[in-house]
Amino acid sequence: MRQDRDKDIKVEIPETGVSLAQAWRYLRLWFGNERPLSGNVRLLDGGRIALTLVLDGEIFRFTGAPRDLDALEDAAAERIFAAVDPTNYVLYLFGKNRFAEGYAAAARNVALAPDDFSRGGAFSLWANATHYSAGDLALAYARASMAVALAPKSTSGHMELLSVALALGHDEDGLRQARIIATQRKADEAPSFQERGYAYAQDVAHFARDSVLGDFTQGLVEHCDAGCTLGILKLRRAEYAARLHDPMASDVLFADGLAAGQASATRQARTRYFAAVARGDWPAGVRAARTYAAALAAENAPVPRLGAALVANVATPLLSVALAHAGDVAGAQAAVAATPLDCYDCLRARGRVAALRQDTSGAQAWFARAVAAAPSIPFAYADWGEMLLRRGDFGAAISKFDLAHQKGPHFADPLELWGEALVATNRSDLAIAKYAEVARYAPNWGRLHLKWGEALLWLGRQDDAKKQLAAAAALFLTPAETRILRTLSGKV
């Protein structure tokens, strides 16, 4: 079990009786003052023993055979733990995979909470239990909403809303919660949440915000001191590097993450997917997406309902797009058809699959639904614009790229595509500015420098074009882009 404590409770029972000096010392370390705790072990008739503890006047009595003393001690320690720290007791039970007991304990905490602020915290923990031990995301969201209504200045309720929203694919709501969390004040939190809990919430909110806004440049420099291992942080950064179209940097970060250890199978598979996409290796993307789905299911095997939701909302949209790009359009359609209609990435995937099928009207309808579901998020606008660009509708494409840029000003993709649309309309002069802006966010994107060099050639700026093409040659390019580079290089 992970705790925000430096020590564990440990009751020492020497041969002459029960000594609770250690328990007192740890209680003082945890809570800052002494809580009266006493107890003894007695021999009962029939050779049985009784272990009795008294905490703040409340009596806890455990009986059994002398050989059961260790088990009695464990039971006593857990009862004391539950009495002095009911929140961490619930987390302890979850850490022991005693989900039913943890769920019941979380529900009891709500009934025992003395005021609205405490009740808000209890509802937050109950929402967490409902999410992770019952897998009922809708009910978890309702309970997290109650937590926020009771204690709006407490971050814990907003954290639960954020995690449930992202699991459901409700990215607009996830972004809203991430922004709220970023404004919360440590001083308004419960004392037990003011250190690691508060820092962890801020970390999670920052990563969520960066991800849903396409600000992968910022994501690369975010820290994760409170909530993840070095291995997880390195793999997360490897994903962001890939999504900035720098698969070589992604490979280095990925190797570092594996070397650092404690990087989950789900995180590894997800990172491999985006690295494959960055290379345009869609068959590898299909394999990674399937591995990701299997890892999510395995990781959540104790709660199959949750695993199934995550596979549908998180992994299947990635798989369907990869299948379509790899040429298995029928498989892509079958996969995406099984996804929910209120999931943002699922709607985007439906649109992208339709676009690859040359179903323009269907794609536009799905992109419109995605935009309506998450108007503050740039990806669906960019997807829509890319489809229009590939169809030669440059003016409409530019309008979508403009909207995507407004929503995610540090998201590199719509700016680069905007540049391509400008070149296609003989406005290479305007494209140069777009490419320069892209370079602020994705400086190691080979295609960017290739297209930048092409635009400069159209303007007759041979020396500048040569520099950009040389930069492209040193970065990753797909085979098709490499052929374009050879052609352009022969013109400078």
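Good morning. In this predicted model, local features need pLDDT of at least 70 and side-chain atom pairs count only at pLDDT 80 or more, while totals for chains, interfaces and linings use all residues. Residues are numbered from 1 along each chain as its sequence is written, and side-chain values use heavy atoms, with hydrogens and water left out.

I begin with helix α11. Helices here are DSSP runs of H or I with at least four residues, numbered from the N terminus. Helix α11 covers residues 230–243, which is 14 residues. From its first C-alpha to its last it reaches 20 Å, close to the 20 Å expected at 1.5 Å a residue; the expected span is 1.5 Å times one less than the number of residues.

Is α11 enclosed or open? Of its 14 residues, 11 are buried, so α11 is largely enclosed by the rest of the structure. Buried means under 20% relative accessible area, with a 1.4 Å probe and protein chains only. Among the buried residues are Gly231, Leu233, Arg237 and Tyr240. The buried residues of α11 pack against several helices, including α9 (196–213), α10 (216–219) and α19 (379–390). After α11 comes His245, whose phi is positive, near 65 degrees.

Rings of Phe, Tyr and Trp (its six-membered ring) pair if their centres lie within 6.5 Å; planes under 30 degrees apart count as stacked, over 60 as edge-to-face and the rest as tilted. By this rule there are 8 aromatic pairs. One of them joins Phe216 and Phe379, a tilted pair with 6.5 Å centre to centre and 35 degrees between the planes. Because Phe216 lies in helix α10 and Phe379 in helix α19, the pair ties together parts that are 163 residues apart in sequence. Phe216 is buried, with a relative accessible area of 2%, and Phe379 is also buried, at 8%. Together with Phe207, Tyr240 and Phe411, these two residues form one aromatic cluster.

A nonpolar core is a set of buried Ala, Val, Leu, Ile, Met, Phe, Trp, Tyr and Cys residues joined through side-chain atoms within 4.5 Å. The largest has 58 residues, and those with the most contacts inside it are Tyr344, Ile377, Tyr435 and Val438. Helix α19 supplies the largest share of this core, 8 residues. A second, separate core of 34 residues includes Ala167, Ala293, Leu296 and Leu318. Thank you.

How values were computed:
Helices (H or I, at least four residues) and strands (E, at least two) are DSSP runs, numbered from the N terminus. Buried means under 20% relative accessible area, exposed over 50%, partly exposed in between (1.4 Å probe, protein chains only). Contact means heavy atoms within 4.5 Å.
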